Structures are given as structure tokens and as C-alpha cells.
Amino acid sequence: MPDRDQVIDLERPSEARLYDLFLGGKNNFEVERRLFQDLVKIAPEAPELARENRRWLTEVIGRLSTDGVHQFLDLGAGLPTRQNTHEIAVRANPRAAVVYVDNDLTAISHGRALLADDRTSYFVGADLTDPGAVLKDPAVTGGLDLTKPVGIILGLVLHSISDTDRIERVIAEYLAAVPSGSYLALSHPLNPRDGSRLAEFSTAMEEKLQEAFPRVRFRTWHEVAGFFAGLDLVGPGLVDLTVWWPKADQNLSPAGAGQLMLVGLARKP
Ligand SMILES: C[S@@+](CC[C@H](N)C(=O)[O-])C[C@H]1O[C@@H](n2cnc3c(N)ncnc32)[C@H](O)[C@@H]1O
């Protein structure tokens with residue numbers, strides 16, 4: 001839980017506000033705008049890639065909702081944007097429940113303001129790497145029925161956590177708390193680290209981000225695949241965004257930034 005006395009630091013970039021800028025939002029400051037310009041010089045398609053990541057998540061939540069999953073735990077949810085998880089989920093079921101979790105003060109304050117009058121969706125200020133605390137939060141214990149399937153969403157957030165083994169343990173803990181028929185949806189930047197042009201391109205993005213966020217780590221396919229241990233991947237498996245979501249191809253050149261993002265959806269057996 002963020003410290004009550006914590007204040008928004010305008011000198012240090014925030015991942016949540018930077019991502020909001022990528023999505024075309026207005027909740028950002030000069031410090032994020034400078035970093036954004038540097039990143040776009042390396043990957044001009046990066047903003048479109050961020051938007052396609054959101055569209056993919058939208059598609060997945062829509063699919064799970066029509067498949068009978070009406071509860072979502074959206075970890076590293078980010079700032080509210082168009083097409084938030086709860087908006088998609090309630091379209092399929094007006095009683096759908098969503099708990100958003102983020103540890104960024106800007107995201108928490110905007111998220112809470114957005115959901116102030118919502119009776120089935122909540123925004124929790126917490127560190128997702130502490131599943132014990134998240135799962136004990138009253139929003140989770142009171143808002144979600146953990147005897148019924150839950151869609152766990154980890155959209156473009158795990159690259160902010162450098163310790164791969166820790167992520168595996170954290171995911172295992174969340175999955176242990178939900179029943180069979182629950183799902184994990186995850187997107188993650190890929191770095192094949194194989195000397196290829198994609199690896200060079202990905203490393204350039206990764207290093208630029210690390211200047212501002214030292215714990216950032218892009219991962220290989222095998223590292224990301226490890227996050228799905230014990231689950232059954234559905235759809236085309238763990239693939240780049242343009243393969244899972246061919247519509248993204250219309251907006252992204254297949255040999256470009258589209259390959260930078262791995263996405264996967266898996267069911268707990
Ligand atoms: C790039 S945004 C992604 C937002 C959204 N999930 C999506 O895919 O569109 C990453 C978000 O994760 C949050 N985040 C990073 N590390 C976190 C942590 N340890 N616990 C909770 N939130 C975290 C950041 O504050 C940011 O809002």
C-alpha cells in the first residue's frame with residue numbers, strides 16, 4: 001500500500017503516466033513527455049503498440065465474459081482509459097465484478113475517482129508482488145467470490161519487475177487462490193537476446209526505459225512461457241500480438257514493433 005504521506009513527484013517519471021501518454025491521455029508531465037519522445041525515436045510505432053495491447057486486453061476480457069467469467073483481478077491496471085476492464089465486463093453481465101490493483105499514486109487517485117459510485121468495481125492501491133496483502137484486501141474478499149472463476153490480468157506490467165523467479169512465485173500464489181476454470185491473461189515485451197535485429201531493437205527500448213526505471217526487464221519467449229506453468233494456453237498460444245490479434249496487423253508493420261509484444265491467455269485446469 002503506498003504511504004499515506006507519499007506525494008506525486010513531478011521530477012521522476014511514472015510508468016502509469018508514461019503509458020497514459022502512449023495511449024493518447026492527458027495525465028502526464030514534462031518528465032514523461034521527454035522520455036516518450038526518446039522512446040518514439042527508437043520505435044515510432046510504440047504508441048500504436050500500446051493501443052493494440054489495450055485492444056487485445058479488451059478482446060480477451062470480452063471473450064472471457066461471454067465464456068462465463070464475470071470476475072476480474074486486473075493487476076497493474078494503470079490509469080483509467082477508454083474501454084476499462086469493468087466497462088467491458090459489465091456489458092456481458094451487469095453484475096460483473098472487477099478489482100483493479102496499482103501502486104502508482106496518479107493511477108490510484110484517478111481510478112478511485114472513476115469508480116467512486118461503482119458498486120461492483122474497486123481500485124486497490126497495492127503492490128501486486130505482495131499477493132498475500134492483495135488477496136486479503138477487503139475489495140478482494142468482499143468484491144470477488146474466489147470459489148468462482150476469476151480472470152487474472154497482468155497487462156504490460158511484469159517487465160517492471162526484474163526478478164523472474166519472484167514473478168513465478170507471485171503468479172503461482174494468485175493462481176492458487178482461484179478455482180479451476182480461472183484464466184491468466186498476460187502481455188509482456190519480448191527480447192529474444194539472440195543477436196537478431198529484433199533483439200537489437202528491443203534492447204534499445206529496454207535500455208532507454210531502464211534509464212528511468214532501472215528494474216525494467218524485457219524477456220525471452222522461454223522466460224515469459226514460464227509464467228504460464230501448470231496452465232493450458234488457449235488460442236494461438238504465447239505469440240506476438242499481431243499473431244494473436246490479426247487486426248493489430250492493420251496498424252502495425254509485421255516486421256516492426258508488432259513483434260515486440262508477447263501475449264498469452266491460459267486456463268487453470
Ligand atoms: C504499462 S501500464 C499497463 C496498464 C494496463 N495493465 C494495460 O496493459 O493497459 C503498467 C502499470 O503497472 C503498474 N505497476 C508497476 N509495477 C507494479 C506493482 N509492483 N504493483 C502494482 N502496480 C504496478 C504501473 O504503475 C502502471 O500503472
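How do the residues of the shell around the ligand divide into nonpolar, polar and charged? I counted 9 nonpolar, 7 polar and 5 charged, where Ala, Val, Leu, Ile, Met, Phe, Trp, Tyr, Cys and Pro count as nonpolar, Asp, Glu, Lys and Arg as charged, and the others, Gly among them, as polar.

**Ground rules.** I am working with a predicted model, in which local features need pLDDT of at least 70 and side-chain atom pairs count only at pLDDT 80 or more, while totals for chains, interfaces and linings use all residues. Residues are numbered from 1 along each chain as its sequence is written. I take helices (H or I, at least four residues) and strands (E, at least two) as DSSP runs, numbered from the N terminus.

**Ligand shell.** I found 21 residues surrounding the ligand, the closest being A16, G76, G78, D104 and G155; a residue is near a molecule if its C-beta atom, placed from the backbone, lies within 6 Å of it. Helices α1 (15-22) and α3 (46-66) and strand β2 (97-102) each supply at least two residues of that shell.

**Helix α1.** I looked at burial next, calling a residue buried if 20 or more other C-beta atoms, placed from the backbone, lie within 10 Å of its own, exposed if 12 or fewer, and partly exposed in between. Helix α1 is mostly covered, with 8 of its 8 residues buried, and A16 is one of these. The buried residues of α1 pack against α2, α3, β2 and α5 (105-114), contact being C-beta atoms, placed from the backbone, within 7 Å of each other. Just after α1, I noted that G24 takes a positive phi of about 90°.

**Helix α2.** I checked the length of α2, whose 13 residues should span 18 Å at 1.5 Å a residue, and its end C-alpha atoms are 19 Å apart, which agrees; the expected span is 1.5 Å times one less than the number of residues. In α2, E32, L35 and L39 are buried. They cover an arc of only 65° around the axis, which puts them on the same side of α2, the arc being that of the directions from the helix axis to the C-beta atoms. An α-helix has 3.6 residues a turn, so residues three or four places apart point the same way. The face of α2 turned away from its buried side carries the exposed residues E30, R34, Q37 and K41, whereas the buried residues pack against α1, α3 and α9.

**Helix α9.** I then turned to α9 (residues 197-212), where S202, M205 and L209 are buried. Seen down the axis of α9, these fall within an arc of 65°, so they line one face of the helix. What covers them includes α2 (30-42) and β5 (183-189), and the face turned away carries the exposed residues R197, E200, E207 and E211.

**F218.** I placed F218 in the loop between α9 and α10 (221-225), and it counts as buried because it has 24 C-beta neighbours inside 10 Å. Leaving aside its neighbours within four places in sequence, F218 is in contact with H159, P189, L190, N191, S202 and E206.

**Core.** The largest nonpolar core has 72 residues, and V99, V101, V124 and I152 have the most contacts inside it; such a core is a set of buried Ala, Val, Leu, Ile, Met, Phe, Trp, Tyr and Cys residues joined through C-beta atoms within 7 Å. Helix α3 gives the most to this core, with 7 residues.

Definitions and conventions
Contact = placed C-beta atoms within 7 Å.
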